[in-house]
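The sequence and the model are shown first.

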Amino acid sequence: MKILGIESSCDETAAAVVEDGRKVLSSVIASQVEEHKLYGGVVPEIASRRHAEAIVPVVRRALNEANASLSDIDAIAVTYAPGLIGALLVGVNFAKGLSLSTGIPLVPTHHLRSHIASNYISNPDLKPPFLCLVVSGGHSHIVMVEDYTNMKIIGKTCDDAAGEAFDKAARTMGMPYPGGIALDKVAEDGNPLAFKLPRPVVHDAPYDFSFSGLKTAVINLIHNSAQKGIELNKADVCASFRYAVVDCLTTNFLKAAEDLGVKRLVIAGGVSANSLLRKTLEQECKKRSYELFMPEKTLCGDNAAMVGAQGYYEFLSGNVADSDLNAFATMSIEKG
Ligand code: KG4
Ligand code: ZN
């Protein structure tokens with residue numbers, strides 16, 4: 001079964017053709033990141049306009065590169081939530097028009113579920129149930145994936161997402177948007193113990209995260225030193241901050257796994273490309289004899305191959321949209 005996946009929830013317009021949820025026949029991504037860099041973050045109005053320009057050529061290219069025509073496509077999976085509403089509407093309306101004119105079923109697909117599904121592409125043997133740490137620019141969740149379309153939130157951030165915290169810290173140090181990637185690289189040359197940063201915990205919610213205080217702590221450290229004319233070692237600041245974020249993420253994730261008795265762990269989302277997060281979990285899972293699955297780095301960020309993968313399982317479970325499908329800026333991963 002061939003699924004055409006379409007993604008436009010943030011600043012990447014993407015389309016892909018995926019066979020049986022696992023085999024990527026094509027994957028095309030048109031990134032707007034260079035334009036948003038000028039403003040230090042994604043400008044929603046600009047994002048919507050660029051999606052409108054890019055969506056037709058990106059879908060055409062994805063079909064061409066898969067050597068497929070629309071008559072070969074069994075379902076159109078589109079990201080309908082969560083994300084920037086104007087950006088999502090471009091993909092949703094395009095997919096609705098395409099579905100209406102061809103009669104191909106339309107499958108509404110949740111962005112975070114798709115991030116999780118990137119793992120089915122990178123790890124062909126992976127099957128639920130498993131516990132997944134979903135860490136992106138907008139979300140930080142620990143999710144029990146009972147089945148491909150049945151999920152339960154075990155923990156979540158009560159303020160900033162991990163990616164957001166990485167981006168803000170990087171921006172304060174003058175790194176271009178999205179700073180998480182740059183900060184990760186610079187941190188490789190620094191000492192993670194150089195600066196003592198807090199590990200905030202959420203009272204009565206052992207699996208929840210809070211990154212806002214940690215973000216403020218590193219921003220204050222940078223600003224206070226600048227005011228006093230003290231030059232900080234940037235690599236040390238990056239390494240200490242990265243260590244603190246990864247420490248919070250892995251501590252809660254491993255505690256949830258232990259408490260729930262789950263031995264198969266998975267990570268997903270843009271921040272799952274973080275080198276220290278990957279390395280720490282590899283070491284900790286090995287110690288505990290847990291299985292660990294990660295998406296290959298090229299599939300960690302936003303793409304449509306993951307939408308085609310999750311869309312396949314959503315379609316099999318009977319999730320097909322009516323012609324009144326809408327986009328939603330927020331939507332629980334449990335509702336899908
Ligand atoms: O999943 P994603 O591509 O988009 C959203 O759905 O939000 O995640 C983007 C986020 C950004 O905050 C970016 O800085 C972060 O993922 N990110 C990283 C790394 N690569 C991307 N954060 C830390 N280390 C990385 N290597
Ligand atoms: Zn994403």
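## Ligand site

A backbone N or O atom of G163 lies 3.2 Å from an oxygen atom of ligand 1, and a backbone N or O atom of G180 is 3.3 Å from an oxygen atom of ligand 1. Taken alone, ligand 1 exposes 550 Å², of which the protein buries 87% (Shrake-Rupley areas with a 1.4 Å probe; for residues, only the protein chains shown count as cover). A polar side-chain atom of H111 is 3.1 Å from an oxygen atom of ligand 1.

There are 19 residues around ligand 1, and G137, D167, D184, G270 and N274 come nearest (a residue is near if one of its heavy atoms lies within 4 Å). By class, this shell has 5 nonpolar, 11 polar and 3 charged residues; Ala, Val, Leu, Ile, Met, Phe, Trp, Tyr, Cys and Pro count as nonpolar, Asp, Glu, Lys and Arg as charged, and the others, Gly among them, as polar. Helices α4 (111–122), α5 (162–172) and α6 (179–187) each supply at least two residues of the shell (DSSP runs numbered from the N terminus: helices H or I of at least four residues, strands E of at least two).

## Basis of the model

This is a predicted model, in which local features need pLDDT of at least 70 and side-chain atom pairs count only at pLDDT 80 or more, while totals for chains, interfaces and linings use all residues. Residues are numbered from 1 along each chain as its sequence is written, chains are lettered from A and ligands numbered from 1 in the order in which they are written, and side-chain values use heavy atoms, with hydrogens and water left out.

## Cysteines

A search of the whole structure finds 0 disulfides (a disulfide is a pair of cysteine sulfur atoms within 2.5 Å). C132 is in no disulfide, and the nearest cysteine sulfur, that of C300, is 11 Å away. For C285, the closest cysteine sulfur is in C132 at 12 Å, too far for a bond.

C132 is buried, with a relative accessible area of 0%, and C285 is buried at 1% (buried means under 20% relative accessible area, exposed over 50%, partly exposed in between; 1.4 Å probe, protein chains only).

S272 lies in the loop between β9 (264–268) and α9 (275–288) and is buried, with a relative accessible area of 0%. Beyond its neighbours within four places in sequence, S272 is in contact with V135, I267, L277, R278, P295 and C300 (heavy atoms within 4.5 Å).

T250 lies in helix α8 (residues 234–260) and counts as buried at 5% relative accessibility. Not counting residues up to four places away in sequence, T250 touches L277, T280 and L281. The side chain of T250 reaches the backbone oxygen of V246 at 2.7 Å.

Key
A polar contact is a pair of N or O atoms within 3.5 Å; within protein, one must be able to donate a hydrogen and the other to accept it, and residues adjacent in sequence count only if both atoms are side-chain atoms.
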